[in-house]
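Work through the exercises below with the sequence and the model side by side. Try each task before reading its solution.

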Amino acid sequence: MALINIEQLQLDRRLAGINLELQPGELLGVIGPNGAGKSSLLECIAGLQPYTGRIELEGEDLNRLHGLKRARRIALLPQRCQSAWALKVADVIALGRLPWGDEDAGLIELAAEHTGVSEWLDSRVDHLSGGEQARVWLARVLAGQPDIILADEPLASLDLHYQQRVLELLRKHAQAQRSVILSLHDLNLAAHWCDRLVLLDAGRIYAIGTPQQVLTPQAIRQVYEVEAEVDFSGEQPLIRVLR
């Protein structure tokens, strides 16, 4: 059974007729130009947007699922994270344990170690750079050990090293018979790291499948309005914009 099953999802003018399944162990990438509906899709799954249609978690309607139970199973890492209070890094990460009603120190320390923020546990999160804060908020999500992580542009403020590190962590999370849905703008990273891709165009699914099936020159021309060269013959896919 699919972890997530979406049928005829619609959100005002932002999404229309979305049908989608998310399988256990899958790293699913959502791509498309600005305004295509990537963030809106993740927010609907997270329960942050009212929608018509149906979203099921292992056959159970998400709208009927108790908020605490959903929070234990699905975690959202939004594009912009900020704390309204001057919290220590350790306290921010501990927020990921709230749905479970505990502050498992071992899981908090492990999440901090995996994201490279252990040295800042006693520091105020608002004293960190944007990229450093992004890693702290990812640690918060990982500390909760959800079945599904929804990551909305998680690489935006990270340098190249930590972009790779975050993608490694998300893939490892998915491979533990959990799942990840992440939105990306970088088509080369999407092609290399994701098991399947969903290409959105003006709120609708233009294509869905493996990176080779989705990232064709024709699809890129139609959706992004640019000419591109696509090469999947090497160790890493190469999508190069020509003009």
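The model is a predicted one, in which local features need pLDDT of at least 70 and side-chain atom pairs count only at pLDDT 80 or more, while totals for chains, interfaces and linings use all residues. Residues are numbered from 1 along each chain as its sequence is written, and side-chain values use heavy atoms, with hydrogens and water left out.

**Exercise 1.** Determine which strands pair with S9 and in which direction they run.

*Solution.* Begin with the terms: strands are DSSP runs of E with at least two residues, helices are runs of H or I with at least four, and both are numbered from the N terminus; two strands pair if DSSP finds at least two bridges between them. Next, take S3 (residues 27-31), which runs parallel to S9 (residues 196-201) and is joined to S9 by four bridges, with Leu28 opposite Arg196. Then turn to S10 (residues 204-209), which is antiparallel to S9 and linked to S9 by five bridges; here Leu197 faces Gly209 and Val198 stands opposite Ile208. Finally, inspect the connection: S9 and S10 make a hairpin with two residues between them, and Ala202 in that turn has a positive phi of about 55 degrees.

**Exercise 2.** Describe helix H6 and find which residues are buried and which are exposed on the face turned away from them.

*Solution.* First, compare lengths: the 16 residues of H6 (160-175) reach 23 Å from first to last C-alpha, close to the 22 Å expected, where the expected span is 1.5 Å times one less than the number of residues. Second, list the buried residues (under 20% relative accessible area; exposed is over 50%, partly exposed in between, with a 1.4 Å probe and protein chains only): Tyr162, Gln163, Val166, Leu167, Leu169, Leu170, His173 and Ala174. These lie on the same side of H6 because they cover an arc of only 160 degrees around the axis, taken from the directions from the axis to the C-beta atoms. Third, the face turned away carries the exposed Leu160, His161, Lys172 and Gln175.

**Exercise 3.** Is Gln133 buried or exposed, and what does Gln133 contact?

*Solution.* Gln133, in helix H5, counts as buried because its relative accessibility is 17%. Leaving aside neighbours within four places in sequence, Gln133 is in contact (heavy atoms within 4.5 Å) with Cys81, Val125, Asp126 and Leu128.

**Exercise 4.** Which residue lies over the face of Tyr162?

*Solution.* Arg135 does, at 3.5 Å from the ring centre; the criterion is NZ of Lys or CZ of Arg within 6 Å of the ring centre and within 35 degrees of the ring normal.
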